[in-house]
Amino acid sequence: MEEIIISTIQRTMVAGTPLLLATTGEIICERAGILNLGVEGVMAIGAVTAFIVTMTTGQPWLGVPAAMAAGFAVSLIHAVASVTLQANQVVSGLALTMLGLGLSGMMGKPYVGRPLAVKMDDVAIPFLSDLPWIGKALFHQSPFLYLAIVLALTAWFFLERTRMGIQIRSTGENPKATENQGVNVALIRYACVLVGGIFSALAGAHLSISYSSSWVEGMTAGRGWIAIALTIFALWNPARAIFASFIFGGIFVLQYLLQPLGISPNFLAMLPYLSTLIILLAISFKDPRRLNAPARLGAVYKRGER
Amino acid sequence: MIRIITSDRYNITPLRSFMTNIAALGAGILAISLIFLAAGVNPLYAVCQIFIESFGSIYGIKETITKAIPLILIGAGLTLAFRAKFWNIGAEGQLLMGAVFATWTAQHLGPALPPALIVPLIFTAGFIGGALWGIIPAILKIKYAINEVITTLMLNYICAEFLTMLIVGPWKGKTRFGFPGTDPLPDSAILGVLPGSRIHYVTLILAIICSVGLCVLIYKTRFGYEARVVGENPDAGKYAGIDFLKTSLILMAVSGGLAGLAGVGEVAGIHHYLGYPASVSSGYGFTAIIVAWLAKLNPLFAIASGLFFAGIIVGGDAIQISLGLPAATVEIVNGILLIFLIMGDYFLYNKIQICRSRA
């Protein structure tokens, strides 16, 4: 029993890690008022890039910056389209997802079915990992998990407690007033889209070089979309995103726990998507004013327009 | 010094709109060439080959028309939804639900009824299936303010798993030797094709009628006007007393229903049995988003843009085999073309002048 509980917690943390990374990234982006529906595609690009670099160099730690660079590059498309060219953000994000999924399939084709010789090792945190029960479950984990939590907390502090964080948030609430304060709205939006993209790519890298050690086309399996839903569930707050992501990590693990009970595996595979709908429904009963949605999320901002 | 001055453009003529789209597609094809080059393929050859394979032979044209049928149906339906700024990304799921409903109807009523009765019945069933799956996000959006992009997408995944559950479980056919999939549909429910092709003409005619009908609906009726107001100026719509729930329900029933019809066509016209979701539809629900966008959200133009993207699918599949490119090639081409199309809109709505300033 003890074994099962520990391994369940451990797997929940692992399954929640990519969700947390991507959700934090999307929160930063949406706080600046840009809706990025390209998360799924950027994640796939991050996954395939990290995998290819790790495979060819044998160094998982080189795969991570490579994935970040790739995430930066493809997110630039969305930044240019939605900020500079004032394109429809929904369609631009969708296009990015299509491109990302397609491009990752093309890049990864020669690598399908070839497992990594070395994957990212788990790291035991000294002393803490020796604690009974939780030591093994929480402190003997992939570096991506620690990174995800640290980045989420940093993002929270940055958005809520620093001057630049206020500028980002007011860019999403009222870009015109922000511009009048002498803040460069376009620059902030570019930065937030790109940082968001880097976070999504990290989430992908976790999937391909830490969670599993192989590349399969479509391995992101809708996690990017779930992250967008989690952004709402977390009320655009990175600290709450930690909690939200690990709940969903638990739902991913639940699939495997319930399998021996003879429930249809296809029904279990529906669970994360069904839960997303249920959670969004639950959150809709909250007072909309307390949802904290950025007021100008997804709206085109044209400089100098009245 | 050279300065760039941008200003709004007010006189947007259909010709300029058309030329902008052509220029955007041209620029997109140029970008795709670079990717082909990176993949080690002669880009000029590859791009030409896409169009030669799809439009350059009788066989190619027949295949292109076959693939255009679902794209026109779904794309036309999406133009209506997108005009009301209802971002229906769930056409793929709505298509599958239509296929499921049609399969059930055909299997249960098909053996007893003549084709003249069963064919209209399966199309009706497919429309209802797609429409039901489509109005769920409408209710969730209007009643509970839940973002429709996420709900329609989640419903895609749920529907795909639901369909798989049926074909590996209760609906698994006895003639499939243990492989997932239903038994073939009864003969009476199988759609006729034009001789020597796979063009199931009933669905093709239906697609064209629907495009024309939607055009009338959008531009000539009160409902169409209300849908456009909901999209362009929701505040004004509220004050004018437009019933948002009713409008959204109708437009998603139509949009989902048309996707359902496409599902009927694929099952009864092409495959003749219900198989895995990925075999029922090769991503038509997503490609149709680009079809709608290229059509400038005009359902009549969806016929032309549906044919164009069907050509990309046929040609893309062909060069993928002949040049050894991965299956994702078509997806890349689609993604890049969509990006260039939306970027092109900027140059349509804004006038950009390059002047030499005196300073």
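A crossing of two helices is left-handed if the near helix is turned anticlockwise from the far one by less than a right angle, and right-handed if clockwise. With that in hand, helix 2 of chain A passes helix 10 of chain A in a right-handed crossing. Welcome to a predicted model, in which local features need pLDDT of at least 70, side-chain atom pairs count only at pLDDT 80 or more, and totals for chains, interfaces and linings use all residues. Residues are numbered from 1 along each chain as its sequence is written, chains are lettered from A and ligands numbered from 1 in the order in which they are written, and side-chain values use heavy atoms, with hydrogens and water left out.

**Helix packing**

- Helices here are DSSP runs (H or I, at least four residues) numbered from the N terminus; their axes are lines fitted to C-alpha atoms over the stretch in contact, with angles from 0 to 180 degrees between N-to-C directions.
- Angles under 35 degrees count as roughly parallel, over 145 as roughly antiparallel, 65 to 115 as roughly perpendicular and the rest as oblique.
- In chain A, the axes of helix 2 (residues 39-57) and helix 10 (residues 223-233) come within 7 Å and cross at roughly 130°, so helix 2 of chain A and helix 10 of chain A are oblique to each other.
- Contact (heavy atoms within 4.5 Å) brings A:Val39, A:Glu40 and A:Met43 of helix 2 of chain A to A:Arg223, A:Gly224, A:Trp225 and A:Ile228 of helix 10 of chain A.
- By class, the contact of helix 2 of chain A with helix 10 of chain A has 4 nonpolar, 1 polar and 2 charged residues, where Ala, Val, Leu, Ile, Met, Phe, Trp, Tyr, Cys and Pro count as nonpolar, Asp, Glu, Lys and Arg as charged, and the others, Gly among them, as polar.
- Over in chain B, helix 4 (residues 91-109) and helix 6 pack at about 30° with axes 8 Å apart, which means that helix 4 of chain B is roughly parallel to helix 6 of chain B.
- The crossing of helix 4 of chain B and helix 6 of chain B is left-handed, and the residues that meet there include B:Leu96 and B:Val100 from helix 4 and B:Phe162 and B:Leu166 from helix 6.

**Cavities**

- On a 1 Å grid over the protein atoms alone, a cavity is a set of points where a 1.4 Å probe fits but cannot get out, and a pocket is an open set with protein on both sides within 12 Å along at least five of seven lines; lining residues have an atom within 4 Å of a point.
- The whole structure holds 2 cavities of 30 Å³ or more, a volume being the space filled by probe spheres set on grid points joined across faces, edges and corners.
- The largest cavity has about 50 Å³ of space, and its lining has 8 nonpolar, no polar and no charged residues, among them B:Ile29, B:Phe51 and B:Ile312.
- About 30 Å³ lies in the second largest cavity, whose lining takes in A:Met106, B:Ile32, B:Ile35, B:Phe36, B:Thr329, B:Ile332 and B:Val333.

**Second largest pocket**

- This pocket has a volume of about 1700 Å³, and A:Leu101, B:Tyr157, B:Ala278, B:Phe286 and B:Glu331 lie nearest its centre among 49 lining residues.
- Helix 6 (residues 148-168) of chain B gives the most to the lining of the second largest pocket, with 6 residues.
- Its lining divides into 27 nonpolar, 14 polar and 8 charged residues.

Note on methods. Helix = DSSP H or I, 4+ residues; strand = E, 2+ residues; numbered from the N terminus.
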